[in-house]
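Trainee: Can we go through the cavities in this one?
Mentor: Fine, here it is.

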Amino acid sequence: MRKKELAKEIIRRLADEYPDAACSLDYSDAWKLLISVRLAAQCTDERVNQIVPKLYEKFPDIEALADADVNEIEEIVRPCGLGKSKARDINACMQMLRDVYDGQVPDDFDELLKLPGVGRKSANLIMGDVFGKPAIVTDTHCIRLVNRMGLVDGIKEPKKVEMALWKIIPPKEGSDFCHRLVYHGRAVCTARTNPHCDQCCLQDICKKKISS
């Protein structure tokens, strides 16, 4: 099966398996998703969702976070790990949104990359979830699963995985596909235990299963 055909079938089956898959970070505004995805680096989404309400209770908007003492932000977000660098990025990002973008999160990928603490993964998440534009979020679940499935061949660098997937994933499917990979990676195609291939909806077409 060619990779485009394999991708189409994987997309179809995962859509059946996880029809309601969505971003697991809680947010009500685009700028809040920017903050949450920065905090989620080397931290679970569940932990981030527990921490951000405390942050917004003290700093309820972009202006407040832009004017905040970085040490005060750090004190709140420390449980997410890497508190100092995350607090610095959040403060600088909110300042840039306020001073350069009139308090609005830009809907352009390259402009998003100019924001402190925003990389390709974060920018793609914003593009897909907030603005409904084509996006491929190459997080750890995505990278692990697409290699196992045979959609990419031994590629581990996020940008290279993203570029390879753009060639075979229909643009309108990218965002939902990546969310479903997260669900599948947590429930079935796990990282810290052996994957549960006997429970997998892809077991008959997965490269890892076929070759094991």
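Trainee: Which residues lie nearest the centre of the largest cavity?
Mentor: His184, Cys189, Cys197, Cys200 and Cys206 do, out of 14 lining residues. A cavity here is a set of points on a 1 Å grid over the protein atoms alone where a 1.4 Å probe fits but cannot get out, and lining residues have an atom within 4 Å of a point. This is a predicted model: local features need pLDDT of at least 70, side-chain atom pairs count only at pLDDT 80 or more, and totals for chains, interfaces and linings use all residues. Residues are numbered from 1 along each chain as its sequence is written, and side-chain values use heavy atoms, with hydrogens and water left out.

Trainee: Which elements give two or more residues to that lining?
Mentor: Helix H9 (140-149) and helix H12 (207-211). Helices are DSSP runs (H or I, at least four residues), numbered from the N terminus.

Trainee: What volume does the largest cavity have?
Mentor: About 100 Å³, volume being the space filled by probe spheres set on the points, which are joined across faces, edges and corners.

Trainee: What lines the second largest cavity?
Mentor: Its lining includes Leu34, Ile35, Asp89, Ile90 and Pro116. Helix H2 (30-39) and helix H6 (83-100) each give two or more residues, and H6 gives the most, with four.

Definitions and conventions. On a 1 Å grid over the protein atoms alone, a cavity is a set of points where a 1.4 Å probe fits but cannot get out, and a pocket is an open set with protein on both sides within 12 Å along at least five of seven lines; lining residues have an atom within 4 Å of a point.
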